[in-house]
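Here is a short report on a structure. It covers the sheet, the backbone and a ligand site.

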Amino acid sequence: MAGLGTKLKAVFAMANTFARVWTTRHLGATPSVIPFVYLDITDRCNSRCRSCSIWRPREPGPAELTTEEILGLVPSLRALRTQIVSIGGGEPLLRTDLETCVSAFREAGCAVHMNTNALAIDEARATSLTEAGLSVAYISCDHPDPDGYREVRGVDGLDRVVSAIAHFQSGPKAIPVGINMVVSRLNQDAIERMAERCIEWGVVKAQFIPVHGLLRHRSIDRRSIEPLLPQTKDLPTIKAALRRATRRLRHSGIETNSEYFIDLFERAYEPVRTIPCMAGSLFVMINPFGDVVPCYQYGGRLSIRGMPLEEIVRSEAFRKQRHCVAECSIACWDSGSAEPSIRFHLPYLLRHPIQIYQEARLHLG
Ligand SMILES: C[S@@+](CC[C@H](N)C(=O)[O-])C[C@H]1O[C@@H](n2cnc3c(N)ncnc32)[C@H](O)[C@@H]1O
Ligand code: SF4
């Protein structure tokens, strides 16, 4: 009976969050909650991925947020009832204060996710992160073979990915691991083999991300990204492989992309919008220098260096940015934006309530 009570409470909390986010997005209400915060905690990286601009040389910019500035987010996270802080970068493991930040977010009542290349994970670092309260580790792995991995990500690293998965999954504070694979022309023939490896590794989630030149990657030189973009003639084959891979994963009990996302996979490369994007209502993004945007396509200079996050998202300037999102016609099928938006799309939610409930339980730690 207690189990049922807990489940009902969780369902009620989810419905409440949904209603609040929905009224902000569709009725223009001032946000009372921001359930997800994507925090890119550093702009440095120790990998050399061909799809990414972050490691490439560029003009010196502002200083990264200090530990104190990051910890200063905590009162706003509480006020905005943030449920998940998703830490990315750059490579978050390069920050020596990562554990301090994880532990502060956890104490604020948030589940803490980390997107990482895992190159710097050894047993000690995995232990310090899980002891700090990390909820889930999402490890990027773009190829199931060592040579393929090196070709796509520019460094040797598959062995480290495999050992990192084992480190996170073992020990007294073991946590679930997910895998993110960016699908490009370099690995489109390895999608199903990647799914098999994910099953073998015992991960809880395997997500496929269409390579793109948007969001943080829009600063990448077209000449670097062009050879990676799938060719139009290959899209049906890629989609078929993704369908088989995601079905296989789902049958093995592993969370993966929504069928809706896969059905519309080519939307990543076509200027058509399908569902309302929830950027700025369901989630916000904070860059390594403190600037807060609904999504990296939009945004001015609202920084947590000048104003608390809570005030930023409720400001008139940020409301205008949400308006840009509502009017947005850019082809964007980035998993980080599209997949949560799909789950908050009422027709999808009504068709897949159990799937969404189960996913939420995993994500909320
Ligand atoms: C920018 S990385 C930051 C976190 C960490 N360094 C990592 O690699 O997981 C976040 C995610 O973006 C993915 N990514 C890199 N380049 C991309 C591109 N051009 N299009 C889509 N996703 C990309 C990465 O593989 C990773 O899963
Ligand atoms: S995708 Fe991640 S690991 Fe690869 S270069 Fe970009 S930030 Fe670094």
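## Sheet

Two strands pair if DSSP finds at least two bridges between them. Helices (H or I, at least four residues) and strands (E, at least two) are DSSP runs, numbered from the N terminus. This is a predicted model: local features need pLDDT of at least 70, side-chain atom pairs count only at pLDDT 80 or more, and totals for chains, interfaces and linings use all residues. Residues are numbered from 1 along each chain as its sequence is written, while chains are lettered from A and ligands numbered from 1 in the order in which they are written.

Nine strands form an open sheet with mixed pairing, in the order 7-6-5-4-3-2-1-8-9. Strand 7 (255-256) and strand 9 (292-293) are the edges, each pairing on one side only. Strand 3 (residues 111-116) and strand 4 (residues 136-140) run parallel, joined by 4 bridges. H113 faces V136 of strand 4.

## Backbone

G89 and G90 are linked by a cis peptide bond, with omega about 25°. G90 sits in the loop between strand 2 (84-88) and helix 4 (98-107).

Two residues other than glycine have positive phi. R81 has phi near 50°. R81 lies in the loop between helix 3 (74-79) and strand 2. A118 has phi of about 70°. Its loop runs between strand 3 and helix 5 (123-132).

A118 has 27 within 10 Å, so A118 is buried.

## Ligand 2

The residues around ligand 2 (C-beta, placed from the backbone, within 6 Å) include C45, W55, E91, N117 and S140. G89 and G90 are also among them.

Notes: A residue is buried if 20 or more other C-beta atoms lie within 10 Å of its own, exposed if 12 or fewer, and partly exposed in between; C-beta atoms are placed from the backbone.
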